Amino acid sequence: MSPSPRASLRFGLLTAILLLAGCAGAPRDDAGGTWLAAWASAQLEQAPPADAPLPWRQPLRDVSLRQIVRVDAAGRALRVRISNLFGAEPLTLGAASVALVDGVVVNAASLRSLSFGGRREVVVPAHAEIWSDVIEFAVPRQADVAVQMHVQAGPAQASMHPGSRIRSWAVPGDRVGTADWPEAVAQEGWRHLAALDVRAARVLPVLVATGDSITDGYGVPSGSYQRWTDVLSRRLMAEKREVSVINTGIGGGRLLRDGLGPNLVSRFDRDVLERTGATHAVVLIGVNDLGVSHRGRPTTPESRATLLAEMKAGFTDLAQRARSRGVCLIASTVMPYSGSGYYSPQAENEADRQALNAWLREPGRFDALVDFDALMRDPARPAFLRAEVDNDGLHPSLAGYRVMAEAFPVEVLDRRCPKVSAP
């Protein structure tokens, strides 16, 4: 009898020394609480789409946005981070607010205004991000929160996350003080919205999951919350484990070079280590580095050896930076992609994936390793995903995302990692 997926993954979990002392701590505040990341997204530079419906046309002018986020930690107060990270011009907000969402309806009674330095309006400079003031606002775990902002003037390039897997809404004018937007126009993607923190009663683990489209949730229907991290969040809640799971994956993302967004080495501090109260990070990335290297072009033994050496150095850098912050780094093997018509890897490219995975599995490289390759591959054809978890030869199906979440070794979240200075 073959082992269960969870047993297989646990068998492939290589745990290094995870000490209980010296963990990365969440910041305390004067109100006696602890600030935790409850939701976040990774920001990308977005060019104005020529066919975007009004009032979504960029640059945004006198438009109110309603963007829905699902928080993964309960709190008594919150703050919101507004992003103009990729804008070359200022982002001017006339007002902003938050409200709880009941199903698909904004709860008008819960609507609260946000302020910035005590003022209703704020100008976010080019290439900057800012926090709102703290407001007392009770949110339960897994609550949906509407963040509304009146964009008086936006930059030509929006800072956004297109892979929201949920609709956002826009209407002309300033409507952030109201809950009823019957004429709103829907479009996917979070714009100028980077994070939402809550003030919790005590320190809790914060797991930041990052990587490429497999973490970003390729193939997940809008509003269904079936990314592997969403399923993991619900599993943790069902098991009565208080852990906030934050997703900062980017579709098309690569470890070393920019793709549809910044490369992970360049954004690792901002999108992972600096998330409020981060204690653990899981990194699933590398398939696009491997795939792009040979898509539509020849490779040589020298070019493939150079790429592998660069990727090993990149992963080593992530591990060192995580250890310097006291964040436990959980790496993952790269899953099979030989069934991908987009990349169409040859035997030598599959050999490179196998070589990288063998290196990733070596003990001591990371605080832990999850062997998603061993979990998801077809035993009869190891270069391919198993049919029951396969979407398109590259991405898992919805069933595959569930398998990943159910097999994730949650006991690793009970441990803490000490800060380790670079040698």
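Buried means under 20% relative accessible area, exposed means over 50%, and partly exposed lies in between, using a 1.4 Å probe and protein chains only. These legends describe a predicted model, in which local features need pLDDT of at least 70 and side-chain atom pairs count only at pLDDT 80 or more, while totals for chains, interfaces and linings use all residues. Residues are numbered from 1 along each chain as its sequence is written, and side-chain values use heavy atoms, with hydrogens and water left out.

**View A. The disulfide of Cys328 and Cys417.** A disulfide is a covalent bond between the sulfur atoms of two cysteines; here the term is applied to a pair of cysteine sulfur atoms within 2.5 Å. The count by this rule is one disulfide. Look for the sulfur atoms of Cys328 and Cys417, which sit 2.1 Å apart. The link is right-handed, with 120° about the S-S bond. Cys328 belongs to strand E20 (residues 328-332) and Cys417 to the segment after helix H9 (398-407), so the pair ties together parts that are 89 residues apart in sequence. Helices (H or I, at least four residues) and strands (E, at least two) are DSSP runs, numbered from the N terminus. Both cysteines, Cys328 and Cys417, are buried.

**View B. The salt bridge of Asp367 and Arg323.** A salt bridge puts a side-chain nitrogen of Lys or Arg within 4 Å of a carboxyl oxygen of Asp or Glu, and the model has 31 salt bridges by this rule. In this view, the side chains of Asp367 and Arg323 meet at 4.0 Å, N to O. The pair links distant parts of the chain, 44 residues apart: Asp367 is in the loop between helix H7 (347-360) and strand E21 (368-370), and Arg323 is in helix H6 (residues 301-325). Asp367 is buried, with a relative accessible area of 6%, whereas Arg323 is partly exposed at 22%.

**View C. A network of salt bridges.**

**View D. The salt bridge of Arg119 and Glu121.** The closest N and O atoms of Arg119 and Glu121 are 2.2 Å apart. Glu121 is partly exposed, and its relative accessible area is 32%.

**View E. The salt bridge of Glu239 and Arg241.** Between Glu239 and Arg241, the closest N and O atoms are 3.5 Å apart. Glu239 is partly exposed, with a relative accessible area of 35%, and Arg241 is partly exposed too, with 22%.
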